[in-house]
Amino acid sequence: MGDASLSLILAFIIFTILTLGGALGVVMNRNLFRGTIWLMVSLFGAAGHFVLLSAPFLAAVQVLVYIGAIAILFTFAVMLTRSLTQISDRFTRLWWNVGGAGILFVVLVGTVILPVWGGFTPSNDILFANVADTTQLGIALVDRGSETTQGFVLPFELASLLLTAAMIGAIVIARDADDDEKGKRS
Amino acid sequence: MDCIGLCKLIFDAGVRNQELARFIGSLIGVLLVSGVPLLTVIVLIWVERKVAARIQDRIAPNRVGPFGLLQTFADLAKLLIKEDITPTAADRILYNAAPIVSFASVVAIWAVIPFMFANNPEGAIVGVDLDIGVLYFVAVASLGTLAIMTAGWASNNKYALLGAFRVVALLVSYEIPLVFALIIPVMFAGSMSLVDIVEAQSHMWFIFMAPVAALLFFTSSQAETGRAPFDLIEAESELVAGFNIEYSGMKFGMFFAAEFLHVFTNGILMAILFMGGYLGLFYQAIPPLGFLWLGLKGAVVYFVFLWLRNTVPRLRIDQVMGFNWFFLVPVSIINVILTSLILKLMQVSGFAPTNFATSNLGEMLPLTIVMLLKDVVIIAFILGRLGQEGRRARIEEQRANEALTAAAVGD
Amino acid sequence: MIPLWLYLVMAAALFSIGTFGMLARRNGVAVLMSVELMLNAVNINLVAFWRYTNPTEINGMAFAAFVIVIAAAEAAVGLAIIITVYRNRHSVIPEEASTLKG
Amino acid sequence: MSVLNEWAFVGVFLLLAPIFPALPIGIAWLLRPNKPNVLKSQTYECGVETVGDTWVQFRVQYYIYGLVFLVFDVEMVLLFPWAVAYNQLDLFAFGAGFLFIFLLADALIYAWKKDVLVWK
């Protein structure tokens, strides 16, 4: 479109640098706390991409959940399991894995992306479509589904069940650890 | 006018490059919108000290300038020329980034705050009316939590790290009732845009329809800013100074400026979410009055924040946590369930409108009365339970005292 | 508008970096971080395809939202396991926690 | 593309917001005296030299607070769209939302029962 504008391209480049640079920081960094910060940089870049893809709701959720909650959880976990920042070898089978990841990338680009290269030139209908918004998401989430619409009410409840299970499971695991610790001390 | 209108204006004024017009428009918009918090923070520091002093029967700064108004600038000059020590053990980059992120996260909230909105978008004054305004400010505010964590870790000091851990545990806990309270206005307005939320209150403020949610929001935002009775962020008697022990000079000042500004921002948010924002008397006739009304309502809430801070003693950390997990969180969950049930039942039976902004006072009244009754019942129930608990605790204490005296006499 | 394949290449690169981290890092916490990166790459793909094929329907966004939910649950349980293993054996290296292998 | 227009403003705002606090810190950096010495830039502890790296053994409790918060935060991802659309939905939507919240409240009750939320 005529508005494939400079600022859009600039924003894409900045967010890509943030996403990939942050990701590299995560896998290369020796210090896990800094690794967490890098992870947040990377996920912030991904949130930017969501905005460019006209899904601002997902972008806000990304920042809220990852930077607000998962980052905190990771820092707590890093502090609880410290001790290994001085570990001498960060990696196992470094070069094998570098090669493997490189091959994976080439395969992904070759088999998945080449076929759509140049394809999917969106028509104006799609470019200027009224993108589905949060209200529609909300309606779909509690929709039982019909011939024409897809309902997500079952995944909606299952997500809740999954979260409940995850929370109870994690509490059971982590609490036992605390009890063990107390047993050792006394 | 919001940023897009500004961009159009600049485009029409002769900057014929669309990109350039957009950039200049955004730049001017940002400077205008962020000018409000940056100017208020200077006044806020003075107001905060004056109010605290009056409550504690002191006089407060009164030497520099009339009524001590210039005291803030004197302090600023002092902070500017104060030596700034960075401990050698600190992680320099993260150590310097933390205060900046802390302050920036509060300023960024102001991007979505609507100052006035006179029926047509051309007359609106708002940074930008995002569809997801509520999520935006919660998400941006959560950057502040990460900044505190980073400050604690990067100082490489045991007290700082411990302080940061406690603070983060506290902030994180109080965010749950905060977000649950936010669901109520969003549900009423059917939108997360702050402008829509204010417009939905044109006939009835949400504080009358959901006082419990308003109280929950108020309490948890007091905790989010780390003010007494939840001021474990500082807790100077326990943790030397908490997470900012290694900071000095202007960086230290930035943490404090962020805190002052955050309190006022929460007051403004409370005014927008529950007290009708810029709506008020004669607003329809003279839209610029919206600016005044918003400021006035925000200032009232801000004053209550300060009042509470200066009269209530600090709680212990276990009490703070217990208050949240065993009181605020369950109340907020029950509140959401009850509110949604009553709202839906009344909408289905036709006693409540489905669009608050376009209804009228008569249509809103039955819903408001039922909602108010529900909240009165919740509050009465809570007060009853608290009274029982208090009586039991007093009796137990009395018994323990009697046993002690008996033992002493027996000796 | 940015062409679709640029998003796909970027997501593929992110996924590959994540895979590398998951396989190569020795520390369990870092492995989990890499898994988060991979899930995000998937999410970017989902949203990109959604935007470029049928943005008026909700499926892509709903799927991405569920992926975020699952990523969070995965991180929570994974970190709890790592903490427990660390407490019991004072190690966060997944390969050393091999009691179940016998 | 009006959505992107709005977010261009937010982007510029987020880019500029760090400059406001950075500016006074930068000015202070120019004005202030800077005479560090070994004693001054030591870690501020009880007057005794700090031994080793900063590490205190933290309790699992912190992790559990973070965990419960994470679960509720993620719940908001699905609950906010529900709340936004609520006025347009029927009674079934209340049932779905109620079940959703109720399942999570279960987890909270479990956490109460196990006493993991009490600060020890």
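How many residues does the contact take from chain C and from chain D? Six from chain C and eight from chain D, where two residues are in contact if their C-beta atoms, placed from the backbone, lie within 7 Å. The side of chain C that touches chain D is made of six nonpolar residues, with no polar and no charged ones. For those classes, Ala, Val, Leu, Ile, Met, Phe, Trp, Tyr, Cys and Pro count as nonpolar, Asp, Glu, Lys and Arg as charged, and the others, Gly among them, as polar.

Some ground rules, then. This is a predicted model, where local features need pLDDT of at least 70, side-chain atom pairs count only at pLDDT 80 or more, and totals for chains, interfaces and linings use all residues. Residues are numbered from 1 along each chain as its sequence is written, while chains are lettered from A and ligands numbered from 1 in the order in which they are written.

Okay, staying with chain C. Its average pLDDT, the predictor's confidence in each residue from 0 to 100, is 85, and 86% of the residues score at least 70. Helices here are DSSP runs of H or I with at least four residues, strands are runs of E with at least two, and both are numbered from the N terminus.

Now put chain C against chain A. That contact takes 62 residues from chain C and 79 residues from chain A. On the chain C side, the elements giving two or more residues are helix H1 (4-24), H2 and H3 of chain C. H3(C) brings the largest share, 23 residues. By class, that side of chain C has 45 nonpolar, 11 polar and six charged residues.

Over in chain A, have a look at helix H2 (residues 32-52). Its 21 residues should span 30 Å at 1.5 Å a residue, and the end C-alpha atoms of H2(A) are 30 Å apart, so the two agree. The expected span is 1.5 Å times one less than the number of residues. Of the 21 residues in H2(A), 20 are buried, meaning that 20 or more other C-beta atoms lie within 10 Å of a residue's own; 12 or fewer is exposed, in between is partly exposed, and C-beta atoms are placed from the backbone. After H2(A) comes Ser54(A), with a positive phi near 50°.

Next up, chain B. You'll find 14 helices and two strands in chain B. Its radius of gyration is 24 Å, close to the 22 Å that the globule rule gives for 411 residues, so chain B is as compact as a globular protein of that length. That radius is taken over C-alpha atoms, and the rule is 2.2 Å times the number of residues to the power 0.38. Buried residues make up 52% of chain B.

Chain B is assigned domain 1 (1-81) and domain 2 (83-410), with bounds from an automatic or database domain assignment. Between these domains of chain B, 20 residues of domain 1 are in contact with 23 residues of domain 2. H2(B) gives the largest share of the domain 1 side, 13 residues. That side of domain 1 of chain B has 13 nonpolar, five polar and two charged residues.

Last one, chain D. It has four helices and zero strands, and 46% of the 120 residues of chain D count as buried.
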